[in-house]
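Here are my notes for you to read alongside the model.

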Amino acid sequence: MSELRVYQESGQLISAHTDFDGIHNQLAAIGVDFQRWEASRVLDAQATQDEVIEAYRGSVNKLMDDYGFQSVDVISMYPEHPQAQALRGKFLSEHTHDEFEVRFFVEGEGLFYIHADGKVYGALCTRGDLISVPAGYTHWFDMGPAPRFKSIRLFITPDGWVAKFTGDPIADRFPRLEAPHYRQAA
Ligand SMILES: [Fe+2]
């Protein structure tokens, strides 16, 4: 189930939201877009990248028009992926990008933390959720110790998604996906 937990920078929990409007409105207030998309047809586990994109073509095209994205692809992560732990570790520290980081979760889940306006927003995204983190926003991403997700990514330029790390250890103060809260919810 999708969930947003809003914290003080100290790590103290302020509020938690599981309803779409609650998640959407909290994130909209800091300029982060959260949407929920429907597939136009059923996808099986072996769906190719093109089939996944076609199933969401209407939503993908609208987003490309709205934001000027030039390209789209699909990333699949699974626990046995040879780079699963390396990739997880890479994005666990606070960083920014020069362009939007947009992810639409076709299946599985991932935990985005966005650090904005003196608070930290932990958004657990699951199947059907789209999150768009604007350029320059400090954030980190946890795919969990046994990552499993399939996600559509949209890009403006190939280099726009390079991570620039802030060096702030703030991410260490917040629950990761193996924390009891998330294990119980799974
Ligand atoms: Fe990022």
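**Notes on the model**

1. Let's start with His97: at 2% relative accessibility, His97 counts as buried (buried is under 20% relative accessible area, exposed over 50% and partly exposed in between, with a 1.4 Å probe and protein chains only). Before going on, bear in mind that this is a predicted model, where local features need pLDDT of at least 70 and side-chain atom pairs count only at pLDDT 80 or more, while totals for chains, interfaces and linings use all residues. Residues are numbered from 1 along each chain as its sequence is written, and side-chain values use heavy atoms, with hydrogens and water left out.

2. What coordinates the iron ion? The ligands are His95 (NE2), His97 (NE2), Glu101 (OE) and His139 (NE2), at 2.0 to 2.2 Å. Donors here are N, O and S atoms within 2.8 Å of the metal (3.2 Å for Na, K and Ca), and since water is not among the atoms, sites may look incomplete. Along the sequence the donor residues follow the spacing H-x1-H-x3-E-x37-H. His97 sits in the loop between strand 5 (95-96) and strand 6, and His139 in strand 9 (residues 138-142), so this pair links distant parts of the chain, 42 residues apart.

3. The geometry of the iron site comes out as irregular, with angles of 84 to 171° among the 4 donor atoms. For reference, four donors are tetrahedral if all angles lie between 85 and 135 degrees; four are square planar and six octahedral if opposite donors are over 155 degrees apart and all others between 65 and 115; anything else is irregular.

4. Have a look at strand 7 (residues 119-126) next: 7 of its 8 residues are buried, so the strand is largely enclosed by the rest of the structure. Helices (H or I, at least four residues) and strands (E, at least two) are DSSP runs, numbered from the N terminus. Strand 7 runs antiparallel to strand 1 (residues 3-8), joined by 6 bridges, and antiparallel to strand 6 (residues 101-116), joined by 8; two strands pair if DSSP finds at least two bridges between them. Gln8 has Lys119 as its bridge partner in strand 7, and Glu109 has Thr126. The hairpin of strands 6 and 7 has 2 residues between the strands, and Asp117 takes a positive phi near 55° there.

5. Which residues have the most contacts inside the largest nonpolar core? They are Leu27, Ile114 and Ile131, in a core of 25 residues. Such a core is a set of buried Ala, Val, Leu, Ile, Met, Phe, Trp, Tyr and Cys residues joined through side-chain atoms within 4.5 Å. Strand 6 gives the most to this core, with 4 residues.

6. On the aromatics, the count comes to 14 pairs, where rings of Phe, Tyr and Trp (its six-membered ring) pair if their centres lie within 6.5 Å, with planes under 30 degrees apart stacked, over 60 edge-to-face and the rest tilted. Phe20 and Phe34 make a tilted pair, 5.7 Å centre to centre with 35° between the planes. Phe20 lies in helix 1 and Phe34 in strand 3 (residues 33-36), so the pair ties together parts 14 residues apart in sequence. Phe20 is partly exposed at 29% relative accessibility, whereas Phe34 is buried at 1%.
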